[in-house]
Amino acid sequence: MGILSHAEHLAMPRDTPLKKTLFACDELSGFIHACGLVRPDGIATLEPKSVKKKLKQPSFAAGVHRDEVYKGAEELGVELDDHIRFVTEAMRPIAGELGLRTEAA
């Protein structure tokens with residue numbers, strides 16, 4: 001049942017740390033991926049400031065629910081910058097597998 005907590009529209013309670021984390025990382029990881037697709041070095045040098053700037057552009061990755069990105073960090077009790085940094089750093093080692101450019105590329 002934990003997987004069903006990943007999105008608001010499913011109306012599942014996020015009553016465990018795992019469910020909160022899944023929700024917090026779902027939309028954000030997709031958004032970070034989109035940011036990496038338009039950068040020459042993928043997510044190798046992507047910083048929270050750049051992600052937050054893109055979040056303010058409704059036309060960029062328009063399918064990402066920005067309210068869920070913000071709410072996810074809030075429900076985890078972490079600052080948005082720290083959350084973005086953590087998720088980005090977790091994605092960097094597998095950037096190639098995610099179809100993103102890497103520093104070596």
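This is a predicted model: local features need pLDDT of at least 70, side-chain atom pairs count only at pLDDT 80 or more; totals for chains, interfaces and linings use all residues.
Colleague: What share of the residues count as buried?

Modeller: Buried means under 20% relative accessible area, exposed means over 50%, and partly exposed is in between (1.4 Å probe, protein chains only). Of the 105 residues of the protein, 34% are buried on that scale.

Colleague: How many helices and strands does the protein have?

Modeller: Both are DSSP runs numbered from the N terminus: helices are H or I with at least four residues, strands are E with at least two. The protein has 4 helices and 0 strands, so written from the N terminus on, the elements run α-α-α-α.

Colleague: Which contacts in the protein join residues 24 or more positions apart, as a share?

Modeller: Contact means heavy atoms within 4.5 Å. Among contacts in the protein with a separation of 6 or more, 58% are between residues 24 or more positions apart.

Colleague: Take helix 2. Which of its residues are buried?

Modeller: In helix 2, residues 48-55, the buried ones are Pro 48, Val 51 and Leu 55. Viewed down the axis of helix 2, they fall within an arc of 60 degrees, so they line one face of the helix. That arc is taken from the directions from the helix axis to the C-beta atoms. On the face turned away from the buried side sit the exposed residues Lys 49 and Lys 53.

Colleague: What do the buried residues of helix 2 pack against?

Modeller: They pack against helix 1 (17-37), helix 3 (66-76) and helix 4 (80-91). For helix 4, look at Leu 80, which lies in that helix and is buried at 17% relative accessibility. The C-alpha atoms of Leu 80 and Pro 48 are separated by 8.2 Å, with the two residues 32 apart along the chain. Leaving aside neighbours within four places in sequence, Leu 80 is in contact with Lys 52, Val 69, Tyr 70 and Ala 73.

Colleague: How many residues make up the largest nonpolar core?

Modeller: In soluble globular proteins, nonpolar side chains tend to be buried together. A nonpolar core here is a set of buried Ala, Val, Leu, Ile, Met, Phe, Trp, Tyr and Cys residues joined through side-chain atoms within 4.5 Å. The largest one has 19 residues, and those with the most contacts inside it are Leu 28, Phe 31, Ile 32, Ile 43 and Val 51. Helix 1, helix 2, helix 3 and helix 4 each give two or more residues to this core, and helix 1 supplies the largest share, 5 residues.

Colleague: Where is Phe 31 found, and what does Phe 31 touch?

Modeller: Phe 31 is found in helix 1 and is buried, with a relative accessible area of 0%. Not counting residues up to four places away in sequence, Phe 31 touches Val 51, Lys 54, Leu 55, Phe 60, Ala 61, Val 64 and Arg 66. The C-alpha atoms of Phe 31 and Arg 66 are separated by 9.1 Å, and these residues are 35 apart along the chain.

Colleague: How many aromatic pairs are there?

Modeller: Rings of Phe, Tyr and Trp (its six-membered ring) pair if their centres lie within 6.5 Å; planes under 30 degrees apart count as stacked, over 60 as edge-to-face and the rest as tilted. The count is 1 aromatic pair. Phe 31 and Phe 60 form it, edge-to-face, at 5.5 Å centre to centre and 85 degrees between the planes. Phe 31 lies in helix 1 and Phe 60 in the loop between helix 2 and helix 3, so the pair ties together parts that are 29 residues apart in sequence. Phe 60 is buried at 13% relative accessibility.

Colleague: What is phi of Ala 61 near?

Modeller: Most residues other than glycine have a negative phi. Phi of Ala 61 is near 45 degrees, a positive value.

Key
Residues are numbered from 1 along each chain as its sequence is written. Side-chain values use heavy atoms; hydrogens and water are left out.
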